[in-house]
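I opened this notebook to keep track of what I looked up, one topic at a time. The entries follow the order in which I went through the model.

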Amino acid sequence: MAKKAIFKCSECGASYTKWSGRCDSCGAWNSIEEEVPLSTAGPAKKTLGAMKGRSIPLTDLGTTEAPPPRTMSGMSELDRVLGGGLVDASAILVGGDPGIGKSTLLLQGAARFAEAGLKVVYISGEEASAQVRMRAQRLGLSHAPVLLGAETNLRDILTTLETEKPDLAIIDSIQTMWADHVESAPGSVSQVRAAAHELTTFAKQRGMAVILVGHVTKEGQIAGPRVVEHMVDTVLYFEGERGHQFRILRSVKNRFGPADEIGVFEMTGGGLSEVSNPSALFLSERGEPTPGSVVFSGIEGTRPVLVEMQALVAPSPHSQPRRAVVGWDSARLAMILAVLEARCGIAFAGLDVYLNVAGGMKISEPAADLAVAAALLSAREDAALPKDTVVFGEISLSGAIRPVGQTENRLKEAQKLGFSTAIVPNAKKDGDTAGMQTRTFADLTGFVGDIFGAG
């Protein structure tokens, strides 16, 4: 008798007897995929039954045990995102768009870890060993003591890892791996989940670190079931715009360090080079102050980063003006425009609004609200802010400007790059802060009237 197909949601794991376009459990669209049950031949027929298993030794919290050691690669940006180095027996998932440089980053990282004394195995399921060696020669890594392999059969890969006993294994990519005990095509939900589970379990049992490369969907999420992100210890995204040479390695989950840390790289002809001062890089092309250009002092992980917020406001020939955003939340832009109109009497009706974060950077923290409002007003009033001024602060729906965290670190980074004035929320301390002159405002109305004389 033919087996009955099972359909499961790749987002929440809910099961269905037939395919549907939308999951009734989590509401996700196009997330239900067919999953064929495991073969019923051999050991798969057995169940746990009533037989007792072995007892597990338990320890209390007061037991003194050394923390897992870390290995530094020497690439400071990579070590920063990992939380201070590579932890033994850890599982790391790295995702990114096609061609963004994931394989280049990991090949350079593999060479640096190998030079640091680790035994590294690089398994490629997408390229032949000769192709990987060709890239290594282009990057100047042909003499790195890294073992290469080209295979997609998970059983053969685990057998090789058991024989070689490496300290670090890199699997490129998890979507190309297939387990012969799962009756579905490579890249399916079942295969990705089974391969990730086997590799993660193997790494924990053998004390080996494993890095899995994952493809991303058109929405920017790592392809496959979300349960894979729960299995691993660290999830990293490698981001960047093809028109820019900057690449950002962003941590979204990390059990061994900050979960919102970033590392900045620059793509060159010889591979990826580290950027020790990303603020200077993002502002390197900024010339004389122009209307609509404002420098925002933000915090990414544990480091302050200065970026340029660019706005353009122009009359719209359409009945519904355009609102285009690159690098920021479009819903938050709509909120800022509504607050400016409701609280300050400044309308943007009949005006197209374009907002861009220079350098391909993506900003998510609310502290950018005041910088965005300043850029919009600067573009609308055709009045440029002074070149030596940075802006940050959160705007509430009432029009109040709220303080943000790590103000001192933001000001120190701005002062380091030559800025002398900061427009900040009204705090307990006024006057000079971290050697800079600060102009504080309690609400958006006072800011608009004092800086632009509008409203």
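Which residues does UniProt list for "binding site"? I found Gly96, Asp97, Pro98, Gly99, Ile100, Gly101, Lys102 and Ser103 in the record, where the entry is unreviewed. I keep in mind that UniProt positions are given in the numbering used here, that feature names are shortened, and that annotations may be inferred rather than shown by experiment.

Before going further I noted the ground rules. This is a predicted model, in which local features need pLDDT of at least 70 and side-chain atom pairs count only at pLDDT 80 or more, while totals for chains, interfaces and linings use all residues. Residues are numbered from 1 along each chain as its sequence is written, and side-chain values use heavy atoms, with hydrogens and water left out.

Entry: the whole protein. I read off eleven helices and 24 strands, where helices (H or I, at least four residues) and strands (E, at least two) are DSSP runs numbered from the N terminus. The C-alpha atoms fill a box of roughly 80 × 50 × 50 Å along the principal axes. Of the 455 residues, 47% are buried, a word that stands for under 20% relative accessible area, with exposed meaning over 50% and partly exposed in between (1.4 Å probe, protein chains only). Among contacts (heavy atoms within 4.5 Å) with a separation of 6 or more, 66% join residues 24 or more positions apart.

Entry: the annotated domain. UniProt places "domain: RecA family profile", from an unreviewed entry, at residues 67–216. Over this stretch I noted 39% helix and 21% strand, with the end C-alpha atoms 33 Å apart.

Entry: Ile100 counts as buried because its relative accessibility is 1%, and Gly101 counts as buried because its value is 10%. Setting aside neighbours within four places in sequence, I found Ile100 in contact with Phe238, Glu239, Gly240, Arg247 and Met267. With residues up to four places away left out, Gly101 touches Phe238, Met267 and Leu272.

Entry: a helix pair. I looked up H4 (residues 154–164) and H5 (residues 189–206), whose axes come within 11 Å and cross at roughly 10°; the axes are lines fitted to C-alpha atoms, for helices over the stretch in contact, and angles run from 0 to 180 degrees between N-to-C directions. The two helices are therefore roughly parallel to each other, as angles under 35 degrees count as roughly parallel, over 145 as roughly antiparallel, 65 to 115 as roughly perpendicular and the rest as oblique. On the H4 side I listed Leu154, Leu158, Leu161 and Glu162, and on the H5 side Ala194, Ala195, Glu198, Leu199, Phe202 and Arg206.

Entry: another loop. Ala347 lies between helix H8 (330–344) and strand S18 (351–357), and it is partly exposed at 30% relative accessible area. Apart from neighbours within four places in sequence, Ala347 is in contact with Glu341 and Arg380.

Entry: cysteines. I searched the whole structure for disulfides, meaning pairs of cysteine sulfur atoms within 2.5 Å, and the search found zero. Cys9 is buried at 4% relative accessible area, whereas Cys26 is partly exposed at 39%.
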